[in-house]
Amino acid sequence: MSSKSLITNPQRLPLVGASILSADFAHLADDAEAALDAGADLLHVDVMDGHFAPNLTLGPALCRSLHNALPDAMLDVHLMVSDPSMFVEHFANAGADHITFHIEAAGDVLSLVQEIRKQDMTAGLALNPDTNVSTIMQFIEHVDLVLVMSVNPGFSGQSFITGALDTVRMIKPLLRDNQRLQMDGGVSSKTSADCREAGCDILVAGSGIFDTSDYAESIESIRGLSKALTQR
Ligand code: DX5
Ligand code: ZN
């Protein structure tokens, strides 16, 4: 497993991930570094292929550049692509520490998990807001992380879908201490308390960090350490 593991010691939880899809691409390393300096625990890298999700975003070359610029940053790759197995090795070689793929796109889930771990990364399984939780039940015990999407894959800045909280509540009791529950989509200082209460321990935010004027204050608030923004 990578030394920068998402499966951290429980005292550090919840972790906050900065989704770089909302960063300024012209100054990506600087913007990502600013989020890390402001307290983000990891960089969340959204990979979309225009098939699985209606957007084209980031590839292994960008991941490699980011890894070279910020070698200590934990890189959490979220594959929203139709054929995730095509990309595992490429992202491993590009410095990724973790890969999450979608149940809606996966062929053989367990083989994919194995492939990811063979490349020294941890493996996560994601499900979309409209996907029934029964589709992932048999796989939960085999993954390091479950990602519950609280928007439909595609873009930053969408509204949080509250139904995702029920999915989190169903999954949480099934997880071991060394498995993480991640929420992604519309997570901000306003929605994060509900996510934490439901049982999420990794909160990913894009616009909730990068579209705010004070990254540190936003990250603290998302983590649950600051009341300032939630009371606004
Ligand atoms: C959506 C992506 C998310 C998104 C988060 O398809 O997976 O990671 O960038 O952005 P916000 O936090 O703005 O919804
Ligand atoms: Zn994502």
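Colleague: Leaving aside neighbours within four places in sequence, which residues is Thr191 in contact with?

Modeller: This is a predicted model. In it, Thr191 is in contact with Phe160 and Gly186, once its neighbours within four places in sequence are left aside.

Colleague: Where is Thr191 found, and is it buried or exposed?

Modeller: Thr191 is found in the loop between strand S7 (180–184) and helix H6 (192–198). Its relative accessible area is 15%. Thr191 counts as buried because that value is under the 20% cut-off.

Colleague: A change of topic: which residues of helix H1 are buried?

Modeller: In H1, residues 28–37, the buried ones are Leu28, Asp31, Ala32 and Ala35. Seen down the axis of H1, they fall within an arc of 100 degrees, so they line one face of the helix.

Colleague: Why would residues with such a spacing point the same way?

Modeller: An α-helix has 3.6 residues a turn, so residues three or four places apart point the same way.

Colleague: What do the buried residues of H1 pack against, and which exposed residues are on the face turned away?

Modeller: The buried residues pack against strand S1 (15–19), S2, helix H2 (60–69), H7 and helix H8 (215–223). The face turned away from the buried side carries the exposed residues Asp30 and Asp37. Just after H1, Gly39 takes a positive phi of about 120 degrees.

Colleague: How many salt bridges does a search of the whole structure find?

Modeller: The search finds seven. Among them, Arg12 and Asp41 meet through their side chains at 2.7 Å, N to O. Arg12 is in the segment before S1 and Asp41 in the loop between H1 and S2, 29 residues apart.

Colleague: Which other residue is linked with those two in a network of salt bridges?

Modeller: Arg223 is linked with Arg12 and Asp41 in that network. The side chains of Arg223 and Asp41 meet at 2.7 Å, N to O. Arg223 lies in helix H8 and Asp41 in the loop between H1 and S2, so the pair ties together parts that are 182 residues apart in sequence. Both Arg223 and Asp41 are buried, whereas Arg12 is partly exposed, with a relative accessible area of 42%.

Colleague: What about Arg180: with which residue does it form a salt bridge?

Modeller: Arg180 forms a salt bridge with Asp201, the closest N and O atoms being 3.1 Å apart. Arg180 lies in strand S7 and Asp201 in the loop between H6 and S8, so the pair ties together parts that are 21 residues apart in sequence. Arg180 counts as buried at 3% relative accessibility, and Asp201 counts as buried at 7%.

Definitions and conventions
Residues are numbered from 1 along each chain as its sequence is written. Chains are lettered from A and ligands numbered from 1 in the order in which they are written. This is a predicted model: local features need pLDDT of at least 70, side-chain atom pairs count only at pLDDT 80 or more; totals for chains, interfaces and linings use all residues. Side-chain values use heavy atoms; hydrogens and water are left out. Helices (H or I, at least four residues) and strands (E, at least two) are DSSP runs, numbered from the N terminus. Buried means under 20% relative accessible area, exposed over 50%, partly exposed in between (1.4 Å probe, protein chains only). Contact means heavy atoms within 4.5 Å. The arc is that of the directions from the helix axis to the C-beta atoms. A salt bridge is a side-chain nitrogen of Lys or Arg within 4 Å of a carboxyl oxygen of Asp or Glu.
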